[in-house]
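Hello,

Please find the structure below, as promised. My notes on it follow.

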Amino acid sequence: MSNTQQHRTGGLDLGYGRVSTTKQSLERQLDALAAAGIPDDQIFVDKKTGVTVDRPGLSKLLTYARSGDTIVVYTLDRLGRNLREVLNLVHDLADRGIGVRSLADPLPINTADEGMGRIAFLLLALFAEMERTFAAERAAHARAVAETKGRRIGRPNAHPDDKIDYARLLRREGKSLAQIAAKTGIPKASLHRYLGVTA
C-alpha cells in the first residue's frame, strides 16, 4: 500500500496507518482512510513486529509528500510513539508546507485549518509541555519527600540495611573489602556501591 507512481504537483491527501503489534489489525484505520476518499495507492502503512521501532512506511510517506499535501491519519497518535514525537513531526511537516489531519480524535485536527483544528493542535502542544513540567515537578517532590524521611530513591538495595550498616562499621574499622564480604555475605561488587569505594 505504498505509492510508487510519480508525485504530481502538491495538494494530495496521503493516508497513513500504523499498528504496533502483528496481532493488531489495520482494517479500521484503512476503512476510515478509504471513507475519507484516499485511494489505496496513496496510503502508507507500518505494522511493527517485535521490538523494532523502524517505520519504513512512514519514511516512504515523508519522502513522498510535497508542499501542499495533507497527511491523513485515523488518530494523531498513529504518527508517533509519544505526544512529543508526534508534535515534533507535525511541526517539521508544517515547515515543509505539509498539513496533518486526523479523522477520529475527540476533536479532529487539521493543521492546515486556521480555525478550530489549528487551535486543537496548539492545545495539544501546550498540554505536552505542561505534562513535561508536571512530571519533572512530581519527580523532584518525590525525591524531596523521600530524602526528608531518610529513604533513597531508585532501585532498592539487594541486601538488608542492618548488613549494610555492619559493612560500613567494618570499613571504618579498617577491614578490607574481602574481609567485609566474608563477614557480611555481601559481594565485593555490591560493597563498592554501598561503601562508596571506587577502587
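**Strands and the crossover**

Strand 3, helix 3 and strand 4 form a right-handed β-α-β unit. Right-handed here means that, with the strands pointing away from the viewer, the path from the first strand over the helix to the second runs clockwise. Helices (H or I, at least four residues) and strands (E, at least two) are DSSP runs, numbered from the N terminus.

This is a predicted model, in which local features need pLDDT of at least 70 and side-chain atom pairs count only at pLDDT 80 or more, while totals for chains, interfaces and linings use all residues. Residues are numbered from 1 along each chain as its sequence is written, and side-chain values use heavy atoms, with hydrogens and water left out.

Strand 3 pairs with strand 4 (residues 99–102) in the parallel sense, over four bridges. Two strands count as paired if DSSP finds at least two bridges between them. Ile71 has Val100 of strand 4 as its bridge partner, and Val73 stands opposite Ser102 in that strand. Strand 1 also pairs with strand 3 in the parallel sense, again over four bridges; there, Tyr16 has Val73 as its bridge partner in strand 3.

In a regular strand the side chains alternate between the two faces of the sheet. In strand 3, Thr70 and Val72 point one way, Ile71 and Val73 point the other way, and all are buried. Buried means under 20% relative accessible area, exposed means over 50%, and partly exposed lies in between (1.4 Å probe, protein chains only).

**The largest core and helix 2**

The largest nonpolar core has 22 residues, and those with the most contacts inside it are Tyr16, Leu61, Ile71, Leu76 and Leu79. A nonpolar core is a set of buried Ala, Val, Leu, Ile, Met, Phe, Trp, Tyr and Cys residues joined through side-chain atoms within 4.5 Å. Two or more residues each come from strand 1 (13–19), helix 2 (56–64), strand 3 (70–73), helix 3 (83–95) and helix 4 (116–148). Helix 3 gives the largest share, five residues.

Leu61 touches Leu14, Gly15, Tyr16, Phe44 and Ile71, leaving out residues up to four places away in sequence. Contact means heavy atoms within 4.5 Å.

Which residues of helix 2 are buried? They are Gly57, Leu58, Leu61 and Tyr64. These lie on the same side of helix 2, because they cover an arc of only 130° around the axis. The arc is that of the directions from the helix axis to the C-beta atoms. Among the elements that cover the buried residues of helix 2 are strand 1, strand 2 (43–47), strand 3 and helix 3.

**Arg96**

Arg96 lies in the loop between helix 3 and strand 4 and is partly exposed, at 36% relative accessibility. Neighbours within four places in sequence aside, Arg96 is in contact with Leu62, Ala65 and Ser67. The C-alpha atoms of Arg96 and Arg66 are separated by 7.6 Å, although these residues are 30 residues apart along the chain.

In helix 6 (177–184), Leu177, Ile180, Ala181 and Thr184 are buried. They cover an arc of only 100° around the axis, which puts them on the same side of helix 6. Helix 5 and helix 7 are among the elements that cover these residues.

Thr184 is buried, with a relative accessible area of 5%. The side chain of Thr184 reaches the backbone oxygen of Ile180 at 2.7 Å. Not counting residues up to four places away in sequence, Thr184 touches Lys163, Tyr166, Ala167 and Leu170. Gly185 follows helix 6, and its phi is positive, near 80°.

In helix 7 (residues 188–195), the buried residues are Ser190, Leu191, Tyr194 and Leu195. Their arc around the axis is only 115°, so they sit on the same side of helix 7. They pack against helix 5 (161–172) and helix 6. After helix 7 comes Gly196, with a positive phi near 70°.

Regards

Key: A polar contact is a pair of N or O atoms within 3.5 Å; within protein, one must be able to donate a hydrogen and the other to accept it, and residues adjacent in sequence count only if both atoms are side-chain atoms.
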